[in-house]
Structures are given as structure tokens and as C-alpha cells.
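Subject: Structure handover

Hello,

Here is the structure you asked about. Please open it beside this email and follow along.

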Amino acid sequence: MSLLRRTHRKFTSVTTPDQAAVTTHTLVTPSPESLGFEETSVKKVHRPIYLDMQATTPLDPRVLDAMLPYLTQQYGNPHSRTHAYGWEAEKAVEKARAHVAELIGADPKEIIFTSGATESNNISVKDLNTFAESIRPDTSLVSIMTVNNEIGVTQPVEEIGRICRSKKIFFHTDAAQAVGKIPMDVNKMNIDLMSISGHKVYGPKGIGALYVRRKPRVRLEALQSGGGQERGLRSGTVPTPLVVGLGEACRIAKEEMQYDSMRVKKLSLRLIDGIMSRVQHIVRNGDPNANYPGCVNLSFAYIEGESLLMALKDIALSSGSACTSASLEPSYVLRALGTEDDMAHSSIRFGIGRFTTEQEIDFVVERVVQHVDKLREMSPLWEMVQEGIDLKSIQWSQH
Ligand SMILES: Cc1ncc(COP(=O)(O)O)c(C=O)c1O
């Protein structure tokens, strides 16, 4: 408990709004230590630098502080209406609901707590499809990811929303990678349904939310039956500590999004410039203009992405979405963009977040440059490129 208290004290001294304004100006990088993370022990045991923020984000210590009471003394069931344990839990759940709603410009009544973005996507897409087909044959659903989890590309959700609304088509967006990172407003963007994940915004895993528009009303059918909690859409006892964690994560995100986004952008440029200025034949996958800078996907020509990942063992990275990392297939996202298979196989995703530091970025740049050079030196293809041979002109014999 003493560690947590110390953590909290340290943190508030860093993040009071005035301080944040000062640091915003001077762009002082808050160290994980100053934010309450055990940087010293991380360094002591030489844990890899974490650059996989699209897979999941670390829990913000302030979020843990907010959750703790509901994991210990205040353990009531938020649906218990007959005693104080239930009332205090319900109050906490409703406060969290308001924080989630505020972050996306929604009414708290439009927020349904789920286990995460996957479940929110399922409730939206599966049921709405059935609904649209059975009730209104002329209606269909548009579902897009606001920020792509592999290459960070952002979609013009506002325009898509406008088109959908004008054609009376429901618009769902999976905003797991967007909420808390870029401004989202369900009314401005005409979003009817939106999936949110706790663990992508420095909140806990196993909790998320579904935004369901009330005007014009979107009617959904529940996937599971039971006690009828969450307006009948998601039966099962609402997990108060997790919900409180999600609420606090959203509250912090709303307050600090601008600051976080400026830091992440600066670190992202530092990473890209650092690598690109020293290594040739790199392609940044995605759209250079429409992207979330915290997701940097680079293809290193003449190198196998998996080999580079293995060489960079002191950095926790991924070659793309955690969902597809088990297969050796190149990313379908890169393929859809027309990326050649060899370049798709050479891609690595760098996920930068709230707790990433400049020193970490500099370390990553050094390591990447060093290992790309080393791997290329071992590559016969690279040797041929150095000799001025156009690899595309080669007729490889097939046996
Ligand atoms: C865009 C997107 N949607 C959904 C998910 C799954 O979210 P959850 O783990 O909350 O179910 C992820 C990441 O895992 C994601 O990146």
C-alpha cells in the first residue's frame, strides 16, 4: 500500500493541470518513474523496452489507484438495491459511465459496458446485421475501424458518418485504437455504434464499452441472456473495479489527450527520422498524412521481419496485429494496400505511448540501425543491390 501511496503522490505532483501546461511547453518527457512505474526495477532486470502499444497499453497507476477500493472494501454488487454496498458500487459504475460518455461526446445512457472491443463489435455487427435484414430489408450497416491497429491509418469517420446518415444506414466504428488517442465525438461524426476497449487506453483488460445511439434509436438484440443488466443488452454482473478503471482511464485521457498526442507525435518523428536518416530502403506503410503517429509500421527491404524482431530481443515489438501474429501469412492489411509480399514480410510495428521516453526511442533507433545493417550484410540479395543489380530484372530459376 505504501508503494501505491508514494506512487500517487509522485504522480499528482507531475500531472496537476498547471504542471502539465508547463511540461507541454517545454516538452519534458515524463519518465516512467515519475509516473509511478518502477523504472529502476525495469532497468535492473533488463526487461525489454515496451513498444507494442497497439497490442495493449500499461495500466496507468492512477487507474489502479481508482480501482483498488473496489477490489477490497467496496466490493458490493452494483445491482444490489437494498444496501450501501450496492449503492456505492452503483454510484462508482455510473460515475465511470459518465467519464466514458464525456470522452466521446455521448449521453451516459448510451454507454453499455462489455468485456472489450471484441464483444462490442460482436453485439453491433452480428446483431445489427440480423436486425437490418429482418426488420428493414433496405437497411445495411457500415462498419470501419477508426484507427487501424497495424498501420495506424485513420479513416475520415466524419465524412463516412455523414454519408451513412444521409442514406439512413447504420454506422458502426471499432474505435479501440482511437478513443483517448484522437478526438472522437459520436454526434459530430454521426456514429451510431462504437466499440471501446479498456486496455488500449491505459485501463484494465477485460472491460470495454459499446456506445449505442438513442436518437435516432439503434435497436440491438443481446447476445447473451440473463439478469438483463446494461439495459438488457449485456446480462451479467457489471465488474465494478474494471468499470471504475475504464472510467478513470477515460477521464485521464480526456484531460491529457492533447499533451499525450503532442509527446507521441514528437517521439514518433524522432523514431522515424532517427531510423530513416541512417538506413536506406525503408518504406513507411500506411498514409503519411492520415495516421495516428503512435503507430509506426516500417518495412525494411531485404530483411525478414521475424529475423529483425528476434535480433531486437531487448525491445518488445510486433510485426503487426497480435490477432494474426501466430500465422506466417503476410498481413492482409498490407496486402490490401498492394504491398509486395517480400516487403509485407519485412514489416515491423512500433507502438509509442504515454509512458514511452526519448531515451527509449534513442535506444531503439540505435539497435534498429545496428541490426538492420548486420542482417543486410549477411544477405546475398543486399549484396546484389549494392552491386547495382536490379533484383526485379533477375530471372530466378525454379527447380
Ligand atoms: C481495432 C481493435 N479492435 C478490437 C480489439 C480487441 O479488443 P479487446 O481486447 O478489448 O476485445 C483490438 C485489439 O486487441 C483492436 O486493435
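Below is what was found in it, grouped by topic. Please keep in mind that this is a predicted model.

**Salt bridges**

Let's start with charged pairs. Side chains of opposite charge can pair when their charged atoms come close. How many salt bridges does the structure hold? The count is 19.

Look at arginine 97 and glutamate 230. Their side chains form a salt bridge, at 2.9 Å from N to O. Arginine 97 sits in helix H5, which covers residues 84–104, while glutamate 230 sits in the loop between E6 and H8, so this pair ties together parts that are 133 residues apart in sequence. Is arginine 97 buried or exposed? Arginine 97 is buried, because its relative accessible area is 9%. Glutamate 230 is buried as well, at 8%.

Next, find arginine 335 and aspartate 341. These two side chains also meet in a salt bridge, with 3.4 Å between N and O. Arginine 335 is partly exposed, with a relative accessible area of 40%. Aspartate 341 is partly exposed too, at 37%.

Some salt bridges share partners. Asp60, Arg62, Glu256, Asp260 and Arg354 are joined into one network in this way. One of the links is between arginine 62 and aspartate 60, where the closest N and O atoms are 2.8 Å apart. Are these two residues buried or exposed? Arginine 62 has a relative accessible area of 9%, so it is buried. Aspartate 60 is at 0%, so it counts as buried.

**The loop between E6 and H8**

This loop has come up already. Strand E6 spans 208–212 and helix H8 spans 240–276. Several findings fall in the loop between them.

Start with the backbone. Most residues other than glycine have a negative phi, and most peptide bonds are trans. Now check the peptide bond from lysine 215 to proline 216. That bond is cis, with omega near -10°. Proline 216 is in the loop between E6 and H8.

Glutamate 230 is in this loop too. Its phi is near 50°, a positive value in a residue other than glycine. Recall that glutamate 230 is also the salt-bridge partner of arginine 97.

Which residues form a positive surface patch? They are Lys109, Lys215, Arg217, Arg219 and Arg231. Arginine 217 lies in the loop between E6 and H8.

**Another positive phi**

Move along to tyrosine 302. Its phi is near 70°, again a positive value in a residue other than glycine. Tyrosine 302 lies in the loop between strand E8 (295–300) and helix H9 (305–311). Tyrosine 302 is partly exposed, with a relative accessible area of 28%.

**Cysteines**

How many disulfides does the structure hold? It holds zero. Cysteine 164 is buried, with a relative accessible area of 4%. Cysteine 295 counts as buried, at 1% relative accessibility.

Where is isoleucine 348? It is in strand E10, residues 347–351. Isoleucine 348 is buried, because its relative accessible area is 0%.

The second pair is aspartate 273 with valine 365. Along the chain they are 92 residues apart, and 9.2 Å separates their C-alpha atoms. Aspartate 273 is in helix H8. Aspartate 273 is partly exposed, with a relative accessible area of 48%.

**Where to look again**

Then find the cis bond from lysine 215 to proline 216.

Best wishes

Note on methods:
Residues are numbered from 1 along each chain as its sequence is written. This is a predicted model: local features need pLDDT of at least 70, side-chain atom pairs count only at pLDDT 80 or more; totals for chains, interfaces and linings use all residues. Side-chain values use heavy atoms; hydrogens and water are left out. Patches are made of residues with over 30% relative accessible area and no salt bridge: like charges are joined within 9 Å, nonpolar side chains (Val, Leu, Ile, Met, Phe, Trp, Tyr) within 5 Å. Accessible areas come from the Shrake-Rupley method with a 1.4 Å probe; for residues, only the protein chains shown count as cover. A salt bridge is a side-chain nitrogen of Lys or Arg within 4 Å of a carboxyl oxygen of Asp or Glu. Lys and Arg count as positive and Asp and Glu as negative; His and the chain ends are not counted. The place of a charge is taken as NZ of Lys, CZ of Arg, CG of Asp or CD of Glu. Helices (H or I, at least four residues) and strands (E, at least two) are DSSP runs, numbered from the N terminus. A disulfide is a pair of cysteine sulfur atoms within 2.5 Å. Buried means under 20% relative accessible area, exposed over 50%, partly exposed in between (1.4 Å probe, protein chains only).
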